[in-house]
Amino acid sequence: MIRVKLIQLSTDEYDSIGQPIETETYTEPMADEGPITQSEFLAAGQRGFEAQGKYTVWESEYHGEEILEKNGERYHIYRTYPVNGRRELYVGWRIGENQS
């Protein structure tokens, strides 16, 4: 198991000219890291993502977060799936995003 950071973005505040200020809240659950299948890689591509991995956390530790961070690298959570009281989080980068 590894420690990951699940990040939720919100725009509850606005600056003086009305632009939203994005804030982050996060939790740091332990997760099992697993491989993705070729069919999952293709399905992610159809959604506009390049699949990078699958992480499984306890259902009670996932609250709809949008981003998973591991070792300083951030990934979008593009799909989740419930399995026996746990939740599989499929993560990747948006196709065309600069990853450097």
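This briefing covers the nonpolar cores and the salt bridges of one structure. The model is predicted. Its largest nonpolar core has 12 residues, and a second, separate core has 5. The salt bridges number 7, and three of them are described below, among them the pairs Arg74 with Glu24, Arg79 with Glu40 and Glu69 with Arg74.

**Nonpolar cores**

- The largest core is made up of Val4, Leu6, Ala31, Tyr55, Val57, Tyr62, Leu68, Tyr75, Ile77, Leu89, Val91 and Trp93.
- Two or more residues of this core come from each of β5 (49-58), β7 (73-83) and β8 (86-94).
- Strand β8 gives the largest share, 3 residues.

**Contacts of Ile77**

- Ile77 is one of the residues of the largest core.
- Leaving aside residues up to four places away in sequence, Ile77 touches Leu6, Tyr62, Glu65, Glu66, Ile67, Leu68, Leu89, Tyr90 and Val91.
- Among these contacts, Leu6, Tyr62, Leu68, Leu89 and Val91 also belong to the largest core.

**Salt bridges around Arg74**

- Side chains of opposite charge can pair when their charged atoms come close.
- Arg74 and Glu24 form a salt bridge through their side chains, with an N to O distance of 2.8 Å.
- Arg74 is in strand β7 and Glu24 in strand β3 (residues 20-27), so this pair ties together parts of the chain 50 residues apart in sequence.
- Arg74 is partly exposed, at 34% relative accessibility, and Glu24 is also partly exposed, at 41%.
- Glu69 makes a salt bridge with Arg74 as well, and the closest N and O atoms of that pair are 2.8 Å apart.
- Glu69 has a relative accessible area of 16% and is therefore buried, the cut-off for buried being under 20%.
- Through shared partners, these salt bridges join Glu24, Glu69 and Arg74 into one network.

**Salt bridge between Arg79 and Glu40**

- In the salt bridge of Arg79 with Glu40, the closest N and O atoms lie 2.7 Å apart.
- This pair links distant parts of the chain, with Arg79 in strand β7 and Glu40 in helix α1 (residues 38-46), 39 residues apart.
- Arg79 counts as partly exposed at 23% relative accessibility, whereas Glu40 counts as buried at 9%.

Terms used: Residues numbered from 1 in each chain as written. Predicted model: local features only at pLDDT ≥ 70, side-chain atom pairs only at ≥ 80, totals over all residues. Heavy atoms only, no water. Core = buried A, V, L, I, M, F, W, Y, C linked by side-chain atoms within 4.5 Å. Buried < 20%, exposed > 50% of the residue type's maximum accessible area, 1.4 Å probe, protein only. Helix = DSSP H or I, 4+ residues; strand = E, 2+ residues; numbered from the N terminus. Contact = heavy atoms within 4.5 Å. Salt bridge = Lys/Arg side-chain N within 4 Å of Asp/Glu carboxyl O.
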